[in-house]
There are 2 protein chains.
Amino acid sequence: MASNPAGRPTLAVVGATGSVGAVLLQILSQHADIWGEIRLVASARSAGRKLTLRGAEVEVVALEESVFDGVDVAMFDVPDEVAAEWAPVAASKGVVVVDNSAAFRMDPDVPLVVPEVNPHAARVRPRGIISSANCTTLSMIVAVGALHAEFGLSELVVSSYQAVSGAGRAGVETLRAQLSLVAGTELGTSPGDVRRAVGEQTGPFPEPVALNVVPWAGSLREDGWSSEEMKVRDETRKILGLPDLKVAVTCVRVPVVTTHSATVHARFQSEVTVDKAREILATAPGVVLFDNPAAGEFPTPADAVGTDPTWVGRLRRSLDDPAGLELFVCGDNLRKGAALNTAQIAELVAAEFIGA
Amino acid sequence: MASNPAGRPTLAVVGATGSVGAVLLQILSQHADIWGEIRLVASARSAGRKLTLRGAEVEVVALEESVFDGVDVAMFDVPDEVAAEWAPVAASKGVVVVDNSAAFRMDPDVPLVVPEVNPHAARVRPRGIISSANCTTLSMIVAVGALHAEFGLSELVVSSYQAVSGAGRAGVETLRAQLSLVAGTELGTSPGDVRRAVGEQTGPFPEPVALNVVPWAGSLREDGWSSEEMKVRDETRKILGLPDLKVAVTCVRVPVVTTHSATVHARFQSEVTVDKAREILATAPGVVLFDNPAAGEFPTPADAVGTDPTWVGRLRRSLDDPAGLELFVCGDNLRKGAALNTAQIAELVAAEFIGA
Ligand SMILES: NC(=O)c1ccc[n+]([C@@H]2O[C@H](COP(=O)([O-])OP(=O)(O)OC[C@H]3O[C@@H](n4cnc5c(N)ncnc54)[C@H](OP(=O)(O)O)[C@@H]3O)[C@@H](O)[C@H]2O)c1
Ligand SMILES: NC(=O)c1ccc[n+]([C@@H]2O[C@H](COP(=O)([O-])OP(=O)(O)OC[C@H]3O[C@@H](n4cnc5c(N)ncnc54)[C@H](OP(=O)(O)O)[C@@H]3O)[C@@H](O)[C@H]2O)c1
């Protein structure tokens, strides 16, 4: 172990200048400070930039092999192809890599970890790499995992309401630009008028997203499925350790800046009660149960944005299935959906160093 | 039969000044002109107003019993309580009432009709009243009904993406006002900022709908269900003649002006193929299959608004269930979701008069 003088582990943040990186620096500044040195790494383009971390200015260094010298844990928040190339480089130097990209999530030798659900998995990492899940999976998996632990899950049907920041800074800028074009107009009542107003300004989305919803996220996979939908299914199965779980998913982009929502229809191995489900969700770590429609209480992205937990509401027993539950969940896609989960995994690993 | 000189049936439009009424007048002006006299009726507040119909000005008359003298068919597009009081009055005078409200939909002596799905049901109307379905049910029932006719439906899981005009003119005005407050701002990235900006201007919605999604529509029913969700379940069962169909629904409002969308997970009695489903949907009346993600083709509200059919895309066979299909549907809630379906039912009835 290459710890710094204070005996605390050394951390590298690779992708510190990105949109997930920015939230990560906030989180690292707010959480209990368990790290010794923290190195901020990005591309050569950003070398020399100064970022604020734990109340001080830290200079960004360019990604090269030597940045991992003496590092214990590295968080990667970079594009898939950069992670695919550089995570093994870091791991070969003995660094434990926590990767937020899709590059290794389905690798059987890489655990896919959500600390509230399968923290034990982080200890078995043959390649020295641990993956963090996709933001849409993370918007619901903490709540679903808690229910699974009690009732045993047999089937999931998930429909997402995904925020534009899931497509990075470009997604947010695109929605803002489109909203300025449509605000205060009569647009949205006759065919094609939103499309005409927005023109080619669709940014990372295939269709206008202001005054619209777009049933597509990611790239085209087999048989008409989107990559985002396949991630939700495959990652859910891996995290829950249920390789044969029935999962149906449709991913839809909505004009929300940050916080993914989803409806979840969950079937369990035997009869469930709402009272028991409520008790589980009210005490599950990382979950806020906000569910009293009589008092106007149910989660929306406007409530959940900027917060850590998964918000759960609209909890109902399926009317026609005593083993089914319906829920509506919201989770900040930049916090639990990305930076927070990565930080939590890194903290699990750091505890090993500190405990050692 | 009280036909006019030309031998064509006489129609009354009750609620001609409302938002559904306005679309109905357009439709009546565009469809093949099968009607003789058309009387426009609203509250006493609107008596004397002139509206354009079939290229001419027609004066609105106040609702009273005598407006039904000599009328063959009356379409009601008024609030539930007005329909509950006045539809029986019209029916008692021999008028066939086609009602767009929720007042009679679940009455066992009132058929609930979607002409593409169960046109025969319109002929059996013990009370002289025929109901038209709720807009959310209508956003998906034509496509689902066509698949049911071929494969035999056993279960539905529906999540809606409902437009604000489903809450009438007030819904549209509320979204416009909120959009003006949030357009071009940094709102939507920290907790409560959208709520603070919008303040009390939430109109008919319980929460801000701009830069947000709201998992609530209608009033509170038992066990945490919303009235809108119960309507989708109960009306789907009645229209399809499947009183025991398993239906799970979550209704969510989104910042779209007009056109409801929904994800549908449908299970059938036996194995299905996408090729066969595609063939059915491509030829089903009232359906447009717009489904080629490789070419960027899938429906969005911006495509479907102002058009008559149900748009269907994202058709996939469920990955883990050979008897399941996933789809995404869009339908204009003011056209097929309200005025168009009412007009189609009235035209079915008119054909009886003309055929007689
Ligand atoms: N946005 C989300 O909701 C979300 C959720 C879950 C997971 N993720 C995943 O998290 C990762 C980062 O996403 P993001 O939204 O933060 O992206 P982003 O805003 O585009 O940031 C990308 C980061 O990667 C760095 N980078 C790019 N190319 C590099 C290279 N060749 N060498 C070294 N650094 C390089 C960039 O540094 P420069 O500034 O120097 O270019 C920047 O720090 C992606 O894998 C993404 O899929 C995102
Ligand atoms: N909006 C939708 O997407 C939608 C979809 C499906 C079904 N529906 C149903 O369709 C019906 C009409 O909805 P809407 O959105 O068109 O409502 P709206 O815009 O509020 O219009 C209401 C209409 O009812 C008339 N009316 C109200 N009180 C009356 C009274 N006491 N006597 C006679 N007429 C009266 C109004 O006439 P004045 O102008 O004189 O007040 C107006 O023509 C409702 O039952 C609604 O639930 C609506």
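Good morning. The second largest pocket is the space taken by ligand 2. Here a pocket is an open set of points, on a 1 Å grid over the protein atoms alone, with protein on both sides within 12 Å along at least five of seven lines; a molecule sits in one if more than half of its atoms lie within 2 Å of its grid points.

This is a predicted model, in which local features need pLDDT of at least 70 and side-chain atom pairs pLDDT 80 or more, while totals for chains, interfaces and linings use all residues. Residues are numbered from 1 along each chain, chains are lettered from A and ligands numbered from 1 in the order written, and side-chain values use heavy atoms, without hydrogens and water.

Around ligand 2 there are 25 residues, each with a heavy atom within 4 Å. Among the closest are Thr17(B) and Ser43(B). Oxygen atoms of ligand 2 lie 2.8 Å from a polar backbone atom of Val20(B), 2.7 Å from a backbone N or O atom of Val78(B), and 2.5 Å from a polar side-chain atom of Ser46(B). Of the 900 Å² of accessible area that ligand 2 has on its own, the protein covers 77%, by the Shrake-Rupley method with a 1.4 Å probe.

I turn to the cavities, where that probe fits but cannot get out.

Terms used: A polar contact is a pair of N or O atoms within 3.5 Å; within protein, one must be able to donate a hydrogen and the other to accept it, and residues adjacent in sequence count only if both atoms are side-chain atoms. On a 1 Å grid over the protein atoms alone, a cavity is a set of points where a 1.4 Å probe fits but cannot get out, and a pocket is an open set with protein on both sides within 12 Å along at least five of seven lines; lining residues have an atom within 4 Å of a point.
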